[in-house]
Each structure stands twice: as C-alpha cells, then as structure tokens.
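Please look over the model below before reading on. This briefing covers its fold, its nonpolar cores, its cavity and a few aromatic residues.

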Amino acid sequence: MKSTRQRAREALRSDDFRRLFAIRLITQSGDGLFQAALVSSIVFNPEEQNTILAFAIATLVVSLPFSILGPFTGVFIDRWSRRKILVVAPLLRTAAVWLVLFKATPVLFFGGALWVLSVNRFYLATAQAVVPRLVPHEDLLMANSMATVGGTVALLLGVFVGGWIADLVGDTLVIAIAGSEWLVASLVATRIRSPLLPHHMPEAPVRDELGRVAREFADGITRLARTPRALGPITSITLDQVGQGMVLVLSLFVFRDRFEEGVGSFSNLIGAGGLGVLLGILTVGKLEERLPKERIVARAFFIGGLVLIAVSTYVTGWSVLVASFAVGLTFAWKKIPIDTMVQEAIPDGYRGRVFAVYDVAYNLSRVAAAFLAIPLLNAFGEAWAVAIVGLVFILWSPVLPRWIGHIPELSLRFYEGARAEEDPRAVVWGGVEETVEVERRSLEETDGVRRTRFRLRMLDGTTIEVSKVEPDGAWTLERELG
C-alpha cells in the first residue's frame, strides 16, 4: 500500500499537472484576498451603519454567480480550448478589478465584483474538468484531492491574510495583490503544453445545449424529490449552511458593533472555522469506522448545537471564535458523509443533474441565512439568536436517521412468480427502475450469516455489486465498479 506522500509525488510527476496545481494555489489565494477586500469594503466600511444588511449584500454578490452560472458552465467548457480558458479568464478578471479598486459608483463597484466572481466560477470549473487529461487514471483520485484541498487552503489563507492587510493599510493594496496573482496564474497557464481541446465537439447549437441543461436541471429536482435517501441528506446540509451563515453574520455583528473591531476579526473567524474544518476532515474517517453515516451527521448536529447554546450564555471574542471552530469541525462531519450518501443514493446517469441542484441549494442557503439573520437579530438580540440556531440544530439531530433509516438503498425486481434462486430483471435505485444483466451470483456464509450477492450490469455500462442477508435482509449497495 502506497503512502499518501508517495501517491502525491506520483501525481506531481506530470509537468502540466504541476502547473495546474500552481495555478489553483495562486488563483485561489487571490480569490481569498479579493473576498476579504469585499467584506472590508461592504461590511466594515465606516459609512455603513447596518452590519447585517451589508454582509447580506456581500454574500449575495459572492454566491449569486456560483448559484446561477454553475449548471451552465459545462456547455462552454465542452466547446472551447480549456488551456485558452485558463490563460484568458484571469486576464478578464484583472481587466475588471479596477471597477472594485476605485469604487467610482455602487453600480460599477458591484458590477465589477459580479464580473470577477462570475468569470471565476467558469475558471474553477475548467480547472477541475481538465485534471483527468493531465494525470494517469491511477493518480486521478490523489490529483483531485490535492487540487481541491490545496485550493481551499489557499483560499482560506488569502481571506485570513487579506483581512489583516485591509485592517492595517486598507483594501486597495489587497485588491491590487489579488489582481497581480491572477496575472501570474495566466502566465503559468501559458506554459501548459497540452492545448486541452475537447475530444468531441457537441453538434447541437449553444442555445439548444443551454435549453438541455435547464431541462436536465428540472429533471434533477424531480429525481431528487423521488429519492428520500438523497433528499434527506441535502436538506440537512442546506439547513446546516443556513445555520452556519447566520452564526457568521451574528459573529460579525458582535465584532464590529459590540467590540468595534475591524475586518481582521473576520479573518480570525475564517481562520478558526478553517482549523475546525481541517480537524473534521482528519477525524471523520475514524467516525465512519464506528458509526453509520446518518448517525455521524446526527451527532454533529447535536454537538454543534450544544456548543452554540453554551456560547450564547457568554458572548466574548474568544467564545465566538470557539463557536466558529466548532461550526467548522461539525460541518466537515456532516458534509463528507452527506456527499457520500447522495452519491450512493443516485445512479451514475442522474448524479450530475442531482449534484447541480445540490450545488445551487448549497450556495443559495448562505444568502438566505444572511437575510434571515436580520429579523432574528432585531427580534431577539445576538445571544438569543445564536441560541435559537443551536436549538434548531439539536432538534434536527434525530431527523435524518429517522427520515432515511427505514428506506433501503435500493431494491431488486424479479419476474412475477420467480423462485428465490432466480436472477433479478431490474434494480430500483434513486427512484428509477433500470434493467440489469446478472454477471455473477453467489451465496456466501460467514460466521453463520448467509448473504446473497449479485454483480449487476446496467444498460449505461455501470456495474454494481449488491447483497442482502438471508432470508429477510434489505438489499444494500456494496460497490460501484464503473
């Protein structure tokens, strides 16, 4: 078994992947600087009297491009040279950053910010899509992990450093550094040797493709509604994001309005939350060895809720940072099992559509949180508002296990009147009945437990292994082979 370090070295053997990895680190650290500057300009502006409304506007500006453009980016990525996108997109962002830098009018300021963030959504989707073209298949998992985790760490560091720079010398320098980083990323992209052209150009016109994406997005909503084992987890993480967003907004209010601190306090909040997420990522594997995924999520909601209620009784700078750390820790304990549950609940042929819906719900929940915090704070004050979020988390903790605990992952369909030893004709998975061909059938006994196991091939080429404990156990998905 190769160590993580060995696998990382093998992924980095590709010169082009090393350049792509460098691009992700440079670009996303610039993104973090830019987001910190936005928060400084909008939330911590001395002329801004309403902290909560200002942060709600900032959240809307940051989240809207990810929510609206996300499902449609693939239409253009599948038509253009991905290398050219990686070169040109940072230049387009830098060309518009002066609108944010000089703040001539609110329209130009917010228009420039939306442009910069919208192009970034397109850019990051491209950077993710090209990874399989730059590394061998056996290195793909490690390469994806390095790009995603490295980019996230760079983003958080950018926010942390950017907040403190803005606190010391103002946000102009922060925005200028971010624009410079994007120029460097474009220069590095020119050194990628592969043109990264699409293997197959779609034949349908762009308008037809955009219409197809819209229809498939609607189909994803329908598919999700028919799959409780995916709907329950996505509802849970959406509720978590609403709660997290409200806690962040309320924390900013405490630092800015009660303690009269600057944007550096936002950096501290992000830093504490980031440390919590990192610890959660490192420990969630141990939890999965001991508990079903839905139970991990339930306990994460309960623990997070308890911490928030405890913090609400004694609101200080340090207790708010403890809350941010706990929210980040329990977020990782929720998000990773939930992503896995959704993947297991949905067949491969529908997974992209459902995850597009998931992505939009996930991003819009933060916007909803920012605007929900306004009446909650006005009605109850910051301490009671945090306590209410904690109480909601605790009350939700038993919901997911009860929602999906009695629902099987999948079921098999046999011919009417078939005997127990006969093969199935179809599998019902993710609310869809799919015809299958049986590749292998076995009856095994271990420690006195008899288990029937099938290897089934679906019409789209996906091969799955399913099993159940005899005589009355539920069918479970063991592996998805391709």
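The points below go from the whole chain to single residues.

This is a predicted model. The protein has 482 residues, and 50% of them count as buried. Its secondary structure comes to 16 helices and six strands. Among contacts between residues at least 6 apart in sequence, 73% join residues at least 24 apart.

**Nonpolar cores**

- In soluble globular proteins, nonpolar side chains tend to be buried together.
- The largest nonpolar core here holds 37 residues. Leu308 and Ile338 have the most contacts inside this core.
- Five helices each supply at least two residues of this core: H11 (228-258), H13 (293-312), H14 (317-345), H15 (348-396) and H16 (399-404).
- Helix H15 gives the most to this core, with 13 residues.
- What does Ile338 touch, leaving aside its neighbours within four places in sequence? Ile338 is in contact with Pro233, Ser236, Ile237, Val297 and Tyr358.
- A second, separate core has 36 residues. Leu33, Leu117, Trp182 and Ile270 are included in this second core.

**The cavity**

- The model has one cavity of 30 Å³ or more. The space in the largest cavity is about 90 Å³.
- The lining of the largest cavity is made of 13 residues. Ser251, Val311, Val315, Val320 and Val386 lie nearest its centre.
- Helices H11, H13, H14 and H15 give two or more residues each to the lining of the largest cavity.
- H11 gives the most to this lining, with four residues.

**Aromatic pairs**

- A pair of aromatic rings is described by the distance of the centres and the angle of the planes.
- The count comes to six aromatic pairs. Two of these are described here, Phe17 with Phe21 and Phe109 with Phe110.
- Why is the pair of Phe17 and Phe21 called stacked? The ring centres of Phe17 and Phe21 are 6.2 Å apart and the planes are at 15 degrees. Planes under 30 degrees apart count as stacked, so the angle puts this pair in that class.
- Phe17 and Phe21 are four residues apart in helix H2 (residues 15-42), so about one helical turn separates them.
- Phe17 has 0% relative accessibility and counts as buried. Phe21 has a relative accessible area of 18%; the cut-off for buried is under 20%, so Phe21 is buried too.
- Phe109 and Phe110 have ring centres 5.1 Å apart and planes at 85 degrees. Planes over 60 degrees apart count as edge-to-face, so this pair is edge-to-face.
- Are Phe109 and Phe110 buried or partly exposed? Phe109 is buried, with a relative accessible area of 7%. Phe110 is partly exposed, at 25% relative accessibility.

**Charges over rings**

- Lys334 places its charged end over the ring of Phe301, 4.1 Å from the ring centre.
- Lys335 lies over the face of Tyr362, at 5.2 Å from the ring centre.

- Where is Trp80? Trp80 is in the loop between helix H4 (73-77) and helix H5 (82-102). Its relative accessibility is 42%, so Trp80 counts as partly exposed.
- Trp80 and Leu196 are 116 residues apart along the chain, yet their C-alpha atoms are separated by 8.8 Å.
- Phe72 is in the loop between helix H3 (51-69) and H4. At 28% relative accessibility, Phe72 is partly exposed.
- Phe72 and Arg212 are 140 residues apart in sequence and 9.8 Å apart in space, C-alpha to C-alpha.
- Not counting residues up to four places away in sequence, Phe72 touches Leu210, Val213 and Ala214.
- Ile68 is in helix H3. Its relative accessible area is 48%, so Ile68 is partly exposed.
- Ile68 and Val360 are 292 residues apart in sequence, and their C-alpha atoms are 7.4 Å apart in space.

Key: Residues are numbered from 1 along each chain as its sequence is written. This is a predicted model: local features need pLDDT of at least 70, side-chain atom pairs count only at pLDDT 80 or more; totals for chains, interfaces and linings use all residues. Side-chain values use heavy atoms; hydrogens and water are left out. Rings of Phe, Tyr and Trp (its six-membered ring) pair if their centres lie within 6.5 Å; planes under 30 degrees apart count as stacked, over 60 as edge-to-face and the rest as tilted. Buried means under 20% relative accessible area, exposed over 50%, partly exposed in between (1.4 Å probe, protein chains only). A charge sits over a ring if NZ of Lys or CZ of Arg is within 6 Å of the ring centre and within 35 degrees of the ring normal. A nonpolar core is a set of buried Ala, Val, Leu, Ile, Met, Phe, Trp, Tyr and Cys residues joined through side-chain atoms within 4.5 Å. Contact means heavy atoms within 4.5 Å. On a 1 Å grid over the protein atoms alone, a cavity is a set of points where a 1.4 Å probe fits but cannot get out, and a pocket is an open set with protein on both sides within 12 Å along at least five of seven lines; lining residues have an atom within 4 Å of a point. Grid points are joined across faces, edges and corners, and a volume is the space filled by probe spheres set on the points.
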